[in-house]
Amino acid sequence: GDIHGAFRALVQCLQRASFNYDADHLIFLGDVADGWPETKACIDELLKIRNLTFVFGNHDFWALDWMHTGVSENIWLDQGGKATVKSYRDGIPKEHIELLDRSVTWHILGNSLFVHAGFDPRTPIEQQGMNILLWDRSLVRIALDLDSKGLTRKLTSYDEVFVGHTPVTTGEPVKACEIWLMDTGAGWSGSL
């Protein structure tokens, strides 16, 4: 789920999971940037992982735009971007830009989909735009609404869909229908 600059939490999660940096595969759901002021350290740590799938998030989009142009929009700065800028006060390593540049907007493993925000299940994933993949919460809202009513039904053609972007307040991932909400609020008031 979303790391949001929480370096110590990232390292703790990897250690507690006995994560093997050379053998294990990590699918990261995006938003390494913004929140806590340790985005640079978080990306340094992710770069150590041999088998990393980095799914692009909306905060990563803002951070990458700033890395490429040097321009920082107020909306980004006010939503955690100031912390990211601060973490790079000594410069931006080219490997960090390259990691974000080569990230993916979705990933499929078996019949499980990994995406930052959501998607429209009526349209093939290959035809979805970045606005939906990085920002849209419609599918998550439908799943949570059904779950709150005690209704469980299949919403997509996937066995499981793992999303970040929409924080949950339980401190642990939440499953609604086949949708797993993996953003547990790291970088702000939650945990990773």
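Reply: β3 pairs with β4 (residues 112–115) in the antiparallel sense, over 4 bridges. Within this pairing, His107 stands opposite Phe114 of β4. The model is a predicted one.

Now the whole sheet. It is open and has 5 strands, in the order β3-β4-β5-β7-β6. The pairing is mixed. β3 (106–109) and β6 stand at the edges, and each has a single partner strand, so one side of each has no neighbour in the sheet. From one strand to the next, the twist averages 20 degrees.

Next, the helix on the sheet. α7 (residues 138–148) lies across β5, β6 and β7 (179–181). Relative to β7, helix α7 runs at about 100 degrees.

The loop between β5 (160–163) and β6 (174–176) holds His165. This residue is not a glycine, yet His165 has a positive phi of about 70 degrees. His165 has a relative accessible area of 6%. Buried means under 20%, so His165 counts as buried.

His4 lies in the segment before α1 (7–16). His4 also has a positive phi, of about 50 degrees, without being a glycine. With 3% relative accessibility, His4 is buried.

Helix α4 (residues 74–87) bends by about 85 degrees at Gly80. Gly80 is among the buried residues of α4, which include Trp76, Leu77 and Gly81. The cover over the buried residues of α4 includes α2 (39–46) and α3 (58–69).

Methods: Residues numbered from 1 in each chain as written. Predicted model: local features only at pLDDT ≥ 70, side-chain atom pairs only at ≥ 80, totals over all residues. Heavy atoms only, no water. Helix = DSSP H or I, 4+ residues; strand = E, 2+ residues; numbered from the N terminus. Buried < 20%, exposed > 50% of the residue type's maximum accessible area, 1.4 Å probe, protein only. Bend = angle between axes of the 7 residues up to and from the residue. Contact = heavy atoms within 4.5 Å. Pairing = 2+ DSSP bridges. Axes fitted to C-alpha atoms, helices over the stretch in contact; angles between N-to-C directions.
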